[in-house]
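Student: Could we go through this model together, with a look at its sheet and its charged side chains?

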Amino acid sequence: YEFHQVYHSIRNFCVIDMSNFYLDVLKDRLYTEKSDSKSRKAAQTAIYIILNAMTRMISPILAYTSDEIWKYMPHSSNENAENVIFNEMPNQVEIGTDADFMSFWDEIRDDVKKSLEGLIKDKTIKSSLEAKVTLKASGEKLEFLKKAEPELAAAFIVSAVEIAENGGELEIAVDKAIGEKCERCWIISETVGTDS
């Protein structure tokens with residue numbers, strides 16, 4: 001039973017959290033940022049930390065696979081570089097979020113995704129990067145959105161996000177982004193072409 005539970009937890013993390021969300025958001029940063037940019041290096045560091053921890057966690061279940069992965073990874077001096085199984089399990093990282101926050105975030109992300117899929121289906125846009133998302137809210141939801149605003153376009157994989165107050169429940173509108181397409185990152189912006 002415990003093996004089954006661990007297997008499903010790891011699989012769900014890989015498929016839902018990593019593939020369907022994190023790596024999808026991260027790939028543009030990895031492909032388009034300069035090789036020495038802080039955001040690209042931060043992404044690479046996060047991926048390394050996740051790979052290091054996951055390889056340790058799967059080692060009792062997938063011994064040969066985890067050893068193969070481990071041999072191709074760089075290691076610190078306090079790690080056993082030969083065999084992953086001789087290393088400590090990773091410590092849990094505490095992230096200051098609560099159930100209400102996660103529920104609200106999941107609601108926004110799912111609703112934006114559905115709206116984008118609708119525009120792609122009716123051929124208004126070809127990809128999510130051709131879109132601009134407008135989020136209207138009030139109270140704590142508005143505060144959260146304003147704090148998260150610098151990261152929202154990347155998180156939704158769109159060209160722009162606008163936040164506005166409406167005095168009521170969350171409203172989501174998705175429209176075609178205005179401007180020209182950047183040849184490097186494919187984001188549509190009115191600033192493209194203004195600096196030679």
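This is a predicted model: local features need pLDDT of at least 70, side-chain atom pairs count only at pLDDT 80 or more; totals for chains, interfaces and linings use all residues.

Student: In what order do the three strands of the open sheet lie?

Tutor: Helices (H or I, at least four residues) and strands (E, at least two) are DSSP runs, numbered from the N terminus. Two strands pair if DSSP finds at least two bridges between them. Strand E2 (160–165) and strand E3 (171–176) each have a single partner strand, so they stand at the edges. The pairing is mixed, and the order is E2-E1-E3.

Student: How many bridges join E1 to E2?

Tutor: One example is Lys136, whose bridge partner in E2 is Ala164. E1 and E2 run parallel, and the number of bridges joining them is six.

Student: At what angle does helix H5 run to E2?

Tutor: Axes are lines fitted to C-alpha atoms, for helices over the stretch in contact (heavy atoms within 4.5 Å). Angles run from 0 to 180 degrees between N-to-C directions. Helix H5 (residues 139–156) lies across E1 and E2, and its angle to E2 is about 170 degrees.

Student: Which residue forms a salt bridge with Arg56?

Tutor: A salt bridge is a side-chain nitrogen of Lys or Arg within 4 Å of a carboxyl oxygen of Asp or Glu. For Arg56, the closest N and O atoms are 2.5 Å apart, and the partner is Glu79. Arg56 sits in helix H2 (residues 38–58), and both residues are buried (under 20% relative accessible area; exposed is over 50%, partly exposed in between, with a 1.4 Å probe and protein chains only).

Student: Why does the salt bridge of Lys132 and Glu162 tie together separate parts of the sequence?

Tutor: The two side chains meet at 2.7 Å, N to O. Lys132 lies in strand E1 and Glu162 in strand E2, so the parts tied together are 30 residues apart in sequence.

Student: Which side chain of opposite charge is nearest to Glu130?

Tutor: Lys and Arg count as positive and Asp and Glu as negative, while His and the chain ends are not counted. Glu130, in the loop between helix H4 (99–121) and strand E1 (131–137), is buried yet has no salt bridge. The nearest side chain of opposite charge is 4.4 Å away, and belongs to Lys176.

Key: Residues are numbered from 1 along each chain as its sequence is written. Side-chain values use heavy atoms; hydrogens and water are left out.
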